[in-house]
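Please keep the sequence and the coordinates in view while reading.

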Amino acid sequence: GSKSTMDDFKWMKEKGLDSKILQKKTKGTPILGICGGYQMLGDQMEDPYGVESGGELRGLGLLPMTTVFSKKKTTTQCQGRVQEIEGFYSCWSGLDFKGYEIHMGQSDLGKEVQSLHTNSSQSQGACLENVAGTYVHGFLDQEEIIQKLVEALLEKKHLKGEETAFNYEDYKEEQFDKLADALEKALDMEKLEEMIFQ
């Protein structure tokens, strides 16, 4: 993701990262973009209102779509299901997800690209061969989605993985608890509460 998609994409181009991504795509490497990264995968980014840096910019051209940055920001919780898709990311077909969106751009997909998922808030995602993208932050937080992705990557590399159970939600809660404990030790909580509730 990115808070300044067009400027970050210009930086990527200056560093030559765009050509590295295109080379990887040609070699069949799976490529996934989330939010700003998703917008960069398209043909064109347009900023007619100067929401970001203004003007127009050609994207990576890996997904046939144009993103137009609007004055209205999309902020929504979402949930849904990955559609029956083809290509590398078919490992996700039929899996449920939840997450949230926060972005300025609206993307218009070309007819030749598959929609990645369907859901209640009409969040958008797209898939074409070994390239996929979505506006949904937290998409990779789902245990089954990440498990299927790892399995597909291992299979692509002709490797075997170990069976491990990992619950990302539990892991996140543990990390938040550690952060809360550290803050309680570092801050004068009585003084803080006094300031808040005065």
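Which residues in α1 meet which residues in α2? In this predicted model, Trp11, Met12 and Lys13 are the residues of α1 that take part, and in α2 they meet Leu17, Asp18 and Ile21. The residues of this contact comprise four nonpolar and two charged ones, with no polar residue. Helix α1 spans residues 5–14 and helix α2 spans residues 17–26. Their axes lie 5 Å apart, and the packing angle is about 80°. Angles of 65 to 115 degrees count as roughly perpendicular, and α1 and α2 are therefore roughly perpendicular to each other.

The next element to consider is a sheet. How many strands form the open sheet, and in which order? Four strands form it, in the order β1-β9-β8-β6, and the pairing is mixed. The edges are held by β1 (31–34) and β6 (114–115); each has a single partner strand, so one side of each is left without a neighbour in the sheet. In general, strands of a sheet pair through backbone hydrogen bonds, in either a parallel or an antiparallel manner. For β1 and strand β9 (residues 131–134), the sense is parallel, and the pairing runs over four bridges. Within this part of the sheet, isoleucine 31 stands opposite valine 131 in β9.

Is lysine 111 buried or exposed? A residue counts as exposed when its relative accessible area is over 50%; lysine 111 has a relative accessibility of 85% and so counts as exposed. The C-alpha atom of lysine 111 is separated by 46 Å from that of leucine 179, and the two residues are 68 residues apart along the chain.

These local features belong to a protein with six helices and nine strands. Taken along the principal axes, its C-alpha atoms fill a box of roughly 60 × 50 × 35 Å. Of the 198 residues in the protein, 34% are buried. The protein exposes about 12400 Å², of which carbon and sulfur atoms supply 50%. Among contacts between residues at least 6 apart in sequence, 63% join residues that are at least 24 apart.

Notes
Residues are numbered from 1 along each chain as its sequence is written. This is a predicted model: local features need pLDDT of at least 70, side-chain atom pairs count only at pLDDT 80 or more; totals for chains, interfaces and linings use all residues. Side-chain values use heavy atoms; hydrogens and water are left out. Axes are lines fitted to C-alpha atoms, for helices over the stretch in contact, and angles run from 0 to 180 degrees between N-to-C directions. Helices (H or I, at least four residues) and strands (E, at least two) are DSSP runs, numbered from the N terminus. Angles under 35 degrees count as roughly parallel, over 145 as roughly antiparallel, 65 to 115 as roughly perpendicular and the rest as oblique. Contact means heavy atoms within 4.5 Å. Ala, Val, Leu, Ile, Met, Phe, Trp, Tyr, Cys and Pro count as nonpolar, Asp, Glu, Lys and Arg as charged, and the others, Gly among them, as polar. Buried means under 20% relative accessible area, exposed over 50%, partly exposed in between (1.4 Å probe, protein chains only). Accessible areas come from the Shrake-Rupley method with a 1.4 Å probe; for residues, only the protein chains shown count as cover. Two strands pair if DSSP finds at least two bridges between them.
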